[in-house]
Amino acid sequence: MTRHTAADQAAPRAFEVLDSSTVRRRVAVKPAMCGYNSLFLGQVGDWTWETVGALCDTDVLGARDAAGSPTYLAFHYYRVRGSGEFHLRSLTFGDELDVVSRSFGFGSESVLTLHEITSTTAGGKPPAALEPDAFYLPPAAGRLRVETFNRWIARQDAHSNRGLVLSSPPGFRHEHLPRLPDAYSPRLAYGRARRHLTFLEEPGERYVTVAEGFTTRYTVDVTRDLNGAGLVYFAAYFSIVDQAVLRQWHALGRGDRAFLRRRVVDQQLCFLGNADVGTEFEIGVSVRARAVNPAEEVVDTVVRVAGTDELIAVSTQRVLRDPEEGE
């Protein structure tokens, strides 16, 4: 028999289920979880799958639909928010994080998960609870807020990533999850992005155009873009977008060091399709600046299959640019 001391009992657990819709995890940032790339975004994606699996009694890693075919909890919408003082690129080796994750029901084929990520190293204070009204306010000091909306999808053709269809596993238990208030539904955000190719609401005269009409190309890379199921990995889209944004950044005469100093305080991305290896994307990038502060920019990126109107992804980044960008 293992004996537990009082100190053991008092120590916080690395992962625990708080209630029927909420889990909590405490982690230290490791090298594979941070950097100026999509590593941390991929880590939060793993937390989403882990959360849904724990709360919905579903083997997310090995799920199969009613026909016995593999089905995947694919990312359809992803948003990450921080602040000028603490943002996605602020994380580094050894930072201590307190993460509260809560899932909300959207029927048998979809699920939304909110992650409140507090860096206690950066002086953040974990929330007492994760409630939507507070979550959708600007993040407090030392916090990141990530929203993921996932759909169960399966292949129609075992040898192709095109034409994926909704297909949930029969054992997916979701009825007990709370309902998100309609005002916060991600469908409002990604529906607008699909129609207007931006997540920005009614820019009007508040923004002025810095650059538009820039396009570049990217070919899905067999060595870096696929996940273990052979699909284009959701986090790879963030890297593909950033590569296009960097090329546009260079076209404006801006340098790499300034790019590394930029603070992306808010990024939204809607995943509208997958692709096979060798597919060529045509990516358009446009930049707008806030009229009252040109250092605040909005960068829209639209990914299509080259030579067609087929939308693959739409991304909007809200950026605080370093005024010393000429270096």
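Analyst: Keep in mind that this is a predicted model. Begin with strand β3, residues 72-81. Nine of its ten residues are buried, so β3 is largely enclosed by the rest of the structure.

User: What cut-off does buried stand for?

Analyst: Buried means under 20% relative accessible area. By that cut-off, 51% of the 327 residues of the chain are buried.

User: Which strands pair with β3, and in what sense?

Analyst: Strand β6, residues 143-154, pairs with β3 in the antiparallel sense, over nine bridges.

User: How do side chains sit along a strand?

Analyst: In a regular strand, they alternate between the two faces of the sheet.

User: Now the whole chain. How many helices and strands are there?

Analyst: The chain has six helices and twelve strands. Its radius of gyration is 20 Å, close to the 20 Å of the globule rule for 327 residues, so the chain is as compact as a globular protein of that length. Along the principal axes, the C-alpha atoms fill a box of roughly 65 × 50 × 40 Å.

User: What share of the contacts joins residues 24 or more positions apart?

Analyst: Count the contacts with a separation of 6 or more: such pairs account for 72% of them.

User: And the charges?

Analyst: There are 37 positive and 41 negative side chains. The centres of the two sets lie 2 Å apart.

Methods:
Residues are numbered from 1 along each chain as its sequence is written. This is a predicted model: local features need pLDDT of at least 70, side-chain atom pairs count only at pLDDT 80 or more; totals for chains, interfaces and linings use all residues. Side-chain values use heavy atoms; hydrogens and water are left out. Helices (H or I, at least four residues) and strands (E, at least two) are DSSP runs, numbered from the N terminus. The radius of gyration is taken over C-alpha atoms; the globule rule is 2.2 Å times the number of residues to the power 0.38. Buried means under 20% relative accessible area, exposed over 50%, partly exposed in between (1.4 Å probe, protein chains only). Contact means heavy atoms within 4.5 Å. Lys and Arg count as positive and Asp and Glu as negative; His and the chain ends are not counted. The place of a charge is taken as NZ of Lys, CZ of Arg, CG of Asp or CD of Glu. Two strands pair if DSSP finds at least two bridges between them.
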